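Colleague: Could you take me through this structure? I would like to begin with its pockets.
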Amino acid sequence: MIISRRKVGIVLAGVLALAIAAPSTAQQASQALSSESVIETIKKRGVLKIGLSLFVPWSMRDKQGELIGFELDVGRQLAADMGVEAEFIVTSWDGIIPALVAGKFDAIISGMSVTAQRNLTVNFTDPYAYSGLTVLANQQMTDGFTMEDFNSPDVTFTARRGATPATVIAEVFPDAELLQFDEDRAATQEVLNGNAHATMAAQPTPNREANAYPGTLYVPFETLWDPRGEAFAIRKGDPDALNYFNNWISHQWRIGWLKQRHDYWFATEDWADQIQQ
């Protein structure tokens, strides 16, 4: 087939036009993604909205009712570095991911461990903290129990509804009864009152509770279950936000700030007199 010079010129001109237009289109798409990022929303609003649930010592209220804890330190420092204010929105744990997806806040910073199931709905940053779970039990009800003894239909566990301990209890002690509550405190109180045999929580909470109620509560095993990283959760489809938060977390690890604040809240009780006992 013979192609005229004129047709060749038209084809080459079209190819050249596409080559020129492609970078421009890509740049426009990149700019559109950037403008839609929650980072731009936060900057314009002047406020970083953070969703969290209350559990000691991650986030709690002091004697004056003000929010304090590791997550509060993290959220406030993050907001300060962004040049905005921090607003904390207390949300029940079982509704916290739906609230994020619905746009009630910009990120979850609430000791949320990274799981594949959660990752189907939200994106996770790099870990900003690490912890593991252990059992906290009523000593009178379980004295002398082996691990196998806890896995019995006659044994009742408690846990915060929708939290990782509830999932781990169901996996490790599948034969035991599991009662779920909206708050960690309520789950622990049932064990303290003798209405349940045991609960499970991330350290150092079990050790703190055992020290607070010697002879009533104790930690029967040194085993740590489900040790994993805890990360910010954000809505999907926002690479700019993921990039910014990851870089911020990486920097805070490098300079030692995250470790210093984590050690304060988890390795000491210098803050204990600030809260109701």
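Predicted model: local features only at pLDDT ≥ 70, side-chain atom pairs only at ≥ 80, totals over all residues.

Colleague: How much space lies in the second largest pocket?
Modeller: The second largest pocket holds about 160 Å³ of space.

Colleague: And which helix gives the most to its lining?
Modeller: Helix H8 gives the most, with four residues. Elements that each supply at least two residues are helix H5 (116–119), helix H8 (164–172) and strand E12 (225–230). Among the lining residues are Arg 118, Glu 171, Asp 226 and Arg 228.

Colleague: What is the volume of the largest pocket?
Modeller: The volume of the largest pocket is about 520 Å³. Its lining has 19 residues, and Val 56, Arg 185, Glu 209, Ile 275 and Gln 276 lie nearest the centre.

Colleague: How does that lining divide into nonpolar, polar and charged residues?
Modeller: There are seven nonpolar, five polar and seven charged residues in the lining of the largest pocket. Helix H10 gives the most to this lining, with four residues.

Colleague: A change of topic: at what angle do the axes of H3 and H11 cross?
Modeller: The axes of helix H3 (residues 70–82) and helix H11 (residues 239–255) cross at roughly 110 degrees and come within 12 Å. Angles of 65 to 115 degrees count as roughly perpendicular, so H3 and H11 are roughly perpendicular to each other.

Colleague: Which residues make the contact?
Modeller: H3 contributes Val 74, Gln 77, Leu 78, Asp 81 and Met 82, while H11 contributes Tyr 244, Phe 245, Trp 248 and Gln 252. Six of the contact residues are nonpolar, two are polar and one is charged.

Terms used: Residues numbered from 1 in each chain as written. Heavy atoms only, no water. Axes fitted to C-alpha atoms, helices over the stretch in contact; angles between N-to-C directions. Parallel < 35°, antiparallel > 145°, perpendicular 65-115°, else oblique. Contact = heavy atoms within 4.5 Å. Nonpolar A, V, L, I, M, F, W, Y, C, P; charged D, E, K, R; others polar. 1 Å grid on protein atoms, 1.4 Å probe; cavity = no way out; pocket = protein on both sides within 12 Å on 5 of 7 lines; lining within 4 Å. Points joined across faces, edges and corners; volume = space filled by probe spheres on them.
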